[in-house]
Structure formats: structure tokens, C-alpha cells
Amino acid sequence: MGKIQIMDEWLSNKIAAGEVVERPSSVVKELLENAIDAGSTSIEVFLEEAGLTSIQVTDNGSGMDEEDALKSFSRHATSKISKEQDLFRIRTLGFRGEALASIASVSKINLKTSDGENSGIELEMEGGHVINMQPTAFRKGTDITVSQLFFNTPARLKYLKTIQTELGHSIDLLNRLALGNPDIAFKLVHNGQTLLQTNGRGNVQQVLAAIYGVHNAKKMVPFSGESHDYKVHGFATLPEVTRASKNYMSLFVNGRWVKHYLVQKAIVDAYHTYLPIERYPIVVLYIEGDPYLTDVNVHPAKHQVRLSKEPELLSLVEKSVREAIRGAIHVPVVEKKE
Ligand code: ADP
Ligand code: MG
């Protein structure tokens, strides 16, 4: 008899969790993306001890009925793609259908959800197994609490950094998602203290002010541009406001926050010699293009993106930012030192 066995779903979920759920902020990311995909206009995140004790995400999105609430924790369960063609035109943040299954396999979960038509449902899970399920009174939307993350994977738990470091990752994430979705009101509360709040009125400058301060937001100039295949727009700081890290340049492709070295380089090049050495601007850049031109299915965390017609896009970004910066710097150029 052969030795090969097909793994049971529970074990394969736990293995997948190793890729998808690296740290508390990975859970925050997946839960927030689900809330955004569900069409929420208001999303609140409550963390206890940087999420090591608990992570709660409350949204006012579509919610789920009982059947979907249960199904959502199965591997490869998704409402977002149903056929191969969909994979090449992804408009939602999620599509792999593995986040909830992975998270559930390494934590304890309490889910309350209602689609606003049927009665609400409350589901309790532990290490991927359903412990309890009952009807509950709940308004339309979803409230999910993930506690005791990695309680059954001690090696992962040991590898986590300090509360401050883990919290930093979640704050960074909230900042990017708020910038990527100015029409959603976000709130981040840590141990009872509100760390970020945006109003969801769709005004990017107000989000920039909430994150980087009113003073810095006022030193940012708008830019925009269009080529045959891409549209870009955003805000960039005048050369007098710089940071020592490239992390303050946030890029969004069709609403998804991505990391892209060459696009960042195009932005920096746009400043030419105006930037001090080893200093970088604060920038938010939105790139819109046909989803056919972008491939986000590079890695499970979906941070990386492959872009078609890349040279065309890079020169569009550089030109748009350069024109805005040059236009805003009055001649003769006065270079202030920070
Ligand atoms: P994916 O987001 O890739 O589809 P997930 O495991 O993250 O996979 O979620 C599985 C499914 O559960 C989603 O496709 C969606 O239908 C449902 N779901 C998850 N979170 C929410 C939420 N906050 N509101 C409504 N539906 C949700
Ligand atoms: Mg998801």
C-alpha cells in the first residue's frame, strides 16, 4: 500500500496559516480587507496588547446569513471569484478564500453577523473547530473577535516581537487602508486609546492630516496625469518636508496598497536634485488601470503586484509628480534644511 495520504482540511489550514498569518497585523489586514470588500462605510478596530490578546473588527457591511457564516471558515470558500476568468479581473481585496480558515486554525474566534434580512448569528470557534453557534440579535454587518492568536502554535508565538513593534505594524496598515479608502470611516483603538480616526468623507487631504498632521498635509501638492493605459493622481510633499525612510510613500493600484520599488524610484526621480540625500517625500499615489494590466496573485499576502506596460507607467508617474512639484516651488528655489 502507498504511503501518501491526503491531509485533512484542519491540518492543511494550519500549514496555510504559516503563510497568511505571520503576526497580529496580518490578521488585522485580512479582517479589514474583508470588511472593505463587504461594502462597509464604517470600520472600527479594537486591539488589546497590540492584538496579542485580542483583535476585534466591527463593520457595517453586507454581513452574512447563517450558511455563509459557517462556510466562510472553510478553506477556498469565497464569494469573490467563481470562475477562472475572474482571476484576471480582480476588483476585490480578497479572492483566495483562505484567510478566515487560516486565522481560525490558530486562534479563538467569536463572530457575530447579520445580513439585515435574517436573524443574526453568533459563532464561536477554537483552533478551527466550531464550539457553539446560536441566533443572536445583531444589526446588519459583522463583528469578529480573534483572541489568543497562535495559542496552539507556540513556535510562532515565541517569534513575535515587542508590543510596540507589533502595534507599529497595525498602525502602519490602518494608515494605508485609510489612505486607500478615504470614503470609509476608520477607527483604531488600542487598549482603550484611540490612535487613528478618519471621517470617511472621501477627502484624501483630511486623511493625510489625520495621519501625518495638519502641518505636513498642508505642505502636500496634488498631482495627476493620464496616459493611454493608466491614470494616476495623488499628493506629494514639497521638498522641504522629507523623511528618512521610503515608507512614507504609499502606492495604491486600483485601491489595493502595494509595494513597488520602481514606482517609488520614479517618484524620487521626479524630485530630481530637490531632495536632500537619503531623504524621501511623503506621497500618496493612486494608480488606476484595467485590472487585466495588473497581477496581484504573486504572493498570498498580495503585497506585490506585477504591472504590464511598466515603463509607460513609470514615466507617467515621474512626469506628473515632477510637474506638480516644479509648479509649486516658486523660483528662485529656496531649499530649507530640517
Ligand atoms: P476571501 O476574502 O479571499 O474571499 P476569506 O477567508 O477572507 O476569503 O473570507 C471568506 C468569505 O467570507 C468572503 O468571500 C466573504 O464572502 C465572507 N466574509 C468574510 N468576512 C466578511 C465580512 N466582514 N462581511 C461580510 N462577509 C464576509
Ligand atoms: Mg478575505
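Which residues are buried in H6? I'm working from a predicted model, where local features need pLDDT of at least 70, side-chain atom pairs count only at pLDDT 80 or more, and totals for chains, interfaces and linings use all residues. Residues are numbered from 1 along each chain as its sequence is written, with chains lettered from A and ligands numbered from 1 in the order in which they are written.

**H6.** I found Leu167, Ser170, Leu174, Asn175, Arg176, Leu177, Ala178, Leu179 and Gly180 buried in H6 (20 or more other C-beta atoms within 10 Å of the residue's own, C-beta atoms being placed from the backbone). Helices here are DSSP runs of H or I, at least four residues, and strands are E runs of at least two, numbered from the N terminus.

**H10.** I looked up helix H10, residues 310-328. Its buried residues include Leu313, Val317, Val321 and Ile325. Helix H9 (261-270) and strand E15 (283-289) are among the elements that cover the buried residues of H10.

**Ile267.** Leaving aside neighbours within four places in sequence, I see isoleucine 267 in contact with Met249, Val283, Leu285, Val317 and Val321 (contact: C-beta atoms, placed from the backbone, within 7 Å).

**E12.** Four of the five residues of strand E12 (residues 249-253) are buried, so the rest of the structure largely encloses this strand. Pairing needs at least two DSSP bridges between the strands. Valine 253 stands opposite isoleucine 287 in E15 and opposite arginine 256 in E13. In the E12-E13 hairpin, two residues lie between the strands, and asparagine 254 in the turn has a positive phi of about 45°.

Notes
Buried ≥ 20, exposed ≤ 12 C-beta atoms within 10 Å, placed from the backbone. Contact = placed C-beta atoms within 7 Å. Expected span 1.5 Å × (residues − 1).
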